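Subject: Structure handover and findings

Dear colleague,

Please find the structure below, followed by an account of what turned up when it was examined.

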Amino acid sequence: MQSDVILRLILGLIISSAIGLAAYRRASLTASGAFGAVMIGTPLFGFGGWSAGILLVVFFISSSALSHFKAQSQNKRDAARFFDKTGRRDIGQALANGGAAALCAVAFGIAVDPATRSSWQVAMVGALAAVTADTWATELGVLSRRPPIMITTLQPAIPGRSGAISAGGTLAAVAGAAFIAAAFLVTEFAFGAQNAAALLRSGIAAIVGGVVGSLCDSLLGATLQAQFHDPLLDKLTEKPLDAHGRSHSLIAGVRWMNNDLVNFLASLAGAAVSVLLILLP
């Protein structure tokens, strides 16, 4: 058993390094983001097994593809300029998106009790479903022709702003969570899983957890995430510093609550909801 984990850790290091390098060359990740992908991918493969590693690959490939989709549209360019959305992802974003899933994978790998292992596995899938749902919602929702609305006030919002939701973005979130759940089911069956009913319930739980996690991301983004004022452009921004390193004025939220922390908390919410659903009688 220990030798299997070591082998998977080595393979995880190799595969995640290859993914990180490819994503860096495609300008989907910065150099630090590629390193972050290795930090996440290695334990996911090593402790979470093949299905966990494959889900991470599915997340990275789909997210990278969507980040390049209509990347030159004005809405995406503005979102990348003023908000912590779209564009190349750094190590903070990589860890925020995959950190919770990696922790769940490690817990799954070292757990002995079958019921406990199953719970941690569902938590891992739910965490990945949440970040995938949020990423799909962001990358596709920002392209919506109609302006989004704030989740808290239902008033029109700037495309790309944290807390802004749209019909297209919400549908994309559901699709992203379902995509991860489907990949999990296919992978588990391909590797010989037998209990179809239990797996199907886990997949449904992950979809619900992923969508709830994405909505939590929007709610946190609208209430606690730091919002600043850029005096030079007289615009709202989520970036604390300008291009010259000078601090922007905080106008809403908590200064240390940035988009990375919101993403991490949302992935934890996705994991928690997924587990609670399968524990219900």
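V186 counts as exposed, because its relative accessibility is 58% and the cut-off for that word is over 50%. This residue is found in helix α6, which covers residues 167–190. Please bear in mind that the model is a predicted one, so every value in this email is computed from it. If you look for I165, you will find that V186 and I165 are 21 residues apart in sequence and 30 Å apart in space, C-alpha to C-alpha.

T187 also lies in helix α6, but T187 counts as buried, because its relative accessibility is 8% and buried means under 20%. Leaving aside neighbours within four places in sequence, T187 is in contact with S51 and I54. T187 and D134 are 53 residues apart in sequence, and their C-alpha atoms are 22 Å apart in space.

How confident is the predictor in this chain? The mean pLDDT is 87, and 92% of the residues reach 70 or more. Among the elements of the chain, helix α8 has the highest mean pLDDT, at 96, while helix α3 (residues 74–82) has the lowest, at 59, and I would ask you to read α3 with that value in mind.

As general background, nonpolar side chains tend to be buried together in soluble globular proteins.

The largest cavity holds about 300 Å³ of space, and its lining is made of 23 residues, of which A137, T138, A164, I165 and S218 lie nearest its centre. At least two lining residues are supplied by each of α5, β2 (164–165), α6 and α7, and the largest share, five residues, comes from α7. Sorted by class, the lining of this cavity has nine nonpolar, 10 polar and four charged residues.

Which residues lie closest to the centre of the largest pocket? This pocket has a volume of about 290 Å³, and of the 17 residues that line it, S118, Q121, A198, L199 and S202 are the closest to its centre. Helices α5, α6 and α7 each supply at least two residues of the lining, with α5 giving the most, six residues. The lining of the largest pocket divides into nine nonpolar, five polar and three charged residues.

The second largest pocket has a volume of about 200 Å³, and of the 14 residues that line it, the closest to its centre are G48, G49, W50, S51 and F108. Two or more lining residues come from each of α2, α4, α5 and α6, and α2 gives the largest share, five residues. By class, this lining has five nonpolar, six polar and three charged residues.

Q121, one of the residues closest to the centre of the largest pocket, has its place in helix α5. Q121 is buried, because its relative accessible area is 13%, which falls under the 20% cut-off. Not counting residues up to four places away in sequence, Q121 touches S51, F108, F184 and E188. S51 and F108 are also among the residues closest to the centre of the second largest pocket, and S51 is in contact with T187 as well.

Finally, please look at L154, which lies in the loop between β1 (149–150) and β2. L154 has a positive phi of about 65° although it is not a glycine. Most residues other than glycine have a negative phi. L154 is exposed, since its relative accessible area is 57%, over the 50% cut-off.

With best wishes

Technical notes
Residues are numbered from 1 along each chain as its sequence is written. This is a predicted model: local features need pLDDT of at least 70, side-chain atom pairs count only at pLDDT 80 or more; totals for chains, interfaces and linings use all residues. Side-chain values use heavy atoms; hydrogens and water are left out. Helices (H or I, at least four residues) and strands (E, at least two) are DSSP runs, numbered from the N terminus. Buried means under 20% relative accessible area, exposed over 50%, partly exposed in between (1.4 Å probe, protein chains only). pLDDT is the predictor's confidence in each residue, from 0 to 100. On a 1 Å grid over the protein atoms alone, a cavity is a set of points where a 1.4 Å probe fits but cannot get out, and a pocket is an open set with protein on both sides within 12 Å along at least five of seven lines; lining residues have an atom within 4 Å of a point. Grid points are joined across faces, edges and corners, and a volume is the space filled by probe spheres set on the points. Ala, Val, Leu, Ile, Met, Phe, Trp, Tyr, Cys and Pro count as nonpolar, Asp, Glu, Lys and Arg as charged, and the others, Gly among them, as polar. Contact means heavy atoms within 4.5 Å.
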